[in-house]
Amino acid sequence: MPNLTVNGRTHAVAAEPETPLLYVLRDELGLNGAKFGCGLGQCGACTVEVEGRAVLSCLTPIGVLEGRPVTTVEGLGSPENPGPLQAAFIAENAAQCGYCIAGMVMRAHALLKANPHPDEAEIRAALRLNLCRCGTHMRILAAVARAAGREADHGPTTTGAAR
Amino acid sequence: MQRRRIAVWLAAAALASAAGLGLAAWRPALPPGGPSPAETAPDLVRQGAVLASLGYCASCHTAEGGRPYAGGRGIATPFGTINATNITPDPETGLGHWTLAAFTRAMREGVDRDGRHLYPAFPYTHYAGLSEPDIAALYAFVMTREPVRAEAKANALPFPLSWRPLIAGWKLLFVRTPTIPGATAPADPRRDPEWHRGAYLAEALSHCGACHTPRNWLGAEIRSRAYAGGVADGWWAPPLDRSSPSPLPWSRDDLARYLADWDPLHGGAAGPMRPVVDAHRAVPAGEIRALAAYVATLYGPGPDGSRTGPVDRAVATEASALTRGAATYAGACAVCHESGGGAAGGVPYTTPSLGHRTTLRAPDARNLILVLRDGIAPRDHAPGPIMPAYGTLLTQAQMTDLAAYLRARFSPDGPWPTLDATVRDVMRDARPRDPQTRDPSPRAARAGPSP
């Protein structure tokens, strides 16, 4: 059975190689940060990192992950000690129901790793495939901009108005 | 001594023919001017808008994220990169000073207002068949766009290809007015007006052959093999004639559905065909039906019956590569692609099985690996297919295993002999943000001749 390295720890998992990573994270390893949204790779709620790149864990069979480190939102910090990106999401009040947020954070984390100072267009392009049904997109964008060390380009973020 | 004299004569002959070509290639600049009010009448502009959609002008003349028709998109060809020009009516950097006469000469003969020969990436070999009223309508449309100041980027072509008079020689060899029944040639009495309309659109305006016809070593379409399949921006452009490897026949109605959006049995467009289908959203359904009527007759009665329908067969997975491919398919693909097909209530925009897709019957795995690598991005503000990109998740070996499994299961044609090389080639620039694996010029090397 495949070994999985998640947030720096290696686990021997019982699941078959075609099992989607998301199921193993949630059901076997008790890491419930990544969410099941659509199960079709169309919403982004399940986004985690593999080798530092954002992937959709609901469509990632664990068989392709042998020897490749996985990072989930739990790997970035804890409620008591949030990582810088998580702190930015908290500071911008970026969550409403919160279901999409772990995916948003991981997608943004992978972006900032590859490009520490993205502009607004680059942030939007990276987050394009992650959906939020509550409509907190403007706060999410502001949180990522804050973590990237600059002001959001569009002023106050309290209205959440569509642009 | 003797040898030296021959060399001198050869050099002189070369020089003389270059000078001769330079002289024969000379075309005058046309006087500056602009459209008269009658030449940009609103009705004409509206007609021109539909024609511009069917000529897919924007797919080359609009850069990704750029202003409409302001140019700047690089067209990769085996000879180098040609940068599309600004065709907005900006006086300095666009067509602001172009008269209808100058515009017509460019469309029909590939010569700009200054008298310079244009590279045949601009498909004037097809536009030469356009009617005068249609060129006038296109002119009306172009000249009423928002003018954008945008200098055209220089082409990246090696000498001597960068020497434009050479194009005049190419034109002598390869530019003929296209033979279009009912337009530039007598009508075909066996065919109805809809078919003739489709022939005109396909051959002249929509320039289907620019991608779907193979090209010779000088980059010209091989007329004797029209629609036998070609290349477009590194993608395989499938044959539209009876050599099509499609598992199912293409009827006129199938084609009309495909060209307008998506066909439940054949699927939908990806790669460079996607902007073509997207452009059709601005086109009246009658024009799409006409195109489909014509293209369906290129396919004709189809292959001789030896071709099977969709294949979905048990794969013996003793080979560990196929076992790994099967696991990846089960975990990454099956949730959508085994949902029964969009028309039967499965995931929208999927076919009943991957065995319905021509992609898996292709002569090589290029299109499959390209779509796996990049996925299918959603349309903005419109429904359409979406597929995640696997280029960052799957390694080359995993991609190869998956492709081998898909081919074994969904095609009767046997393994792709060049699969390893295809995967290596396509995956070279799978991770554009990672400088370690980025090859600076894979696209140009891969790409075939472009329109």
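Which domains does the domain assignment of chain A give? Domain 1 covers 3-76 and domain 2 covers 84-147. The bounds come from an automatic or database domain assignment.

This is a predicted model, in which local features need pLDDT of at least 70, side-chain atom pairs count only at pLDDT 80 or more, and totals for chains, interfaces and linings use all residues. Residues are numbered from 1 along each chain as its sequence is written, chains are lettered from A in the order in which they are written, and side-chain values use heavy atoms, with hydrogens and water left out.

**Inside chain A**

The C-alpha centres of domain 1 of chain A and domain 2 of chain A lie 20 Å apart. Contact here means heavy atoms within 4.5 Å. By that rule, 20 residues of domain 1 of chain A are in contact with 13 residues of domain 2 of chain A. Together the two domains of chain A bury about 1400 Å², 59% of it on carbon and sulfur atoms. Buried area is the accessible area (1.4 Å probe) that two parts lose on being put together, summed over both. In domain 1 of chain A, the residues losing the most area to domain 2 of chain A are A:Glu49, A:Val73 and A:Leu76, together 37% of what that side buries.

A:Glu49 also pairs with A:Lys113 in a salt bridge. Such a bridge puts a side-chain nitrogen of Lys or Arg within 4 Å of a carboxyl oxygen of Asp or Glu. The count between these two domains of chain A is 1 salt bridge.

**Inside chain B**

Chain B is assigned domain 1 (23-174), domain 2 (193-299) and domain 3 (320-446). The C-alpha centres of domain 2 of chain B and domain 3 of chain B lie 22 Å apart. Their contact takes 21 residues from domain 2 of chain B and 24 residues from domain 3 of chain B. About 2100 Å² is buried between these two domains of chain B, 55% of it on carbon and sulfur atoms. On the side of domain 2 of chain B, B:Trp236, B:Trp262 and B:Arg274 supply 30% of the area buried against domain 3 of chain B, more than any other three residues.

Helix α7 (residues 165-174) of chain B is mostly covered, with 7 of its 10 residues buried. Buried means under 20% relative accessible area (1.4 Å probe, protein chains only). Among the buried residues of α7(B) are B:Trp170 and B:Phe174.

**Between the chains**

Chain B puts 23 residues in contact with 23 residues of chain A. The two chains bury about 1800 Å² between them, 61% of it on carbon and sulfur atoms. The count between chain B and chain A is 1 salt bridge. Helix α13 (residues 320-337) of chain B gives the most to the side of chain B that touches chain A, with 7 residues. Helices are DSSP runs (H or I, at least four residues), numbered from the N terminus.

| Residues | N to O distance |
|---|---|
| A:Lys113 and A:Glu49 | 3.2 Å |
| B:Arg379 and B:Asp278 | 2.6 Å |
| A:Arg128 and B:Asp380 | 3.0 Å |

Methods. Buried < 20%, exposed > 50% of the residue type's maximum accessible area, 1.4 Å probe, protein only. Helix = DSSP H or I, 4+ residues; strand = E, 2+ residues; numbered from the N terminus.
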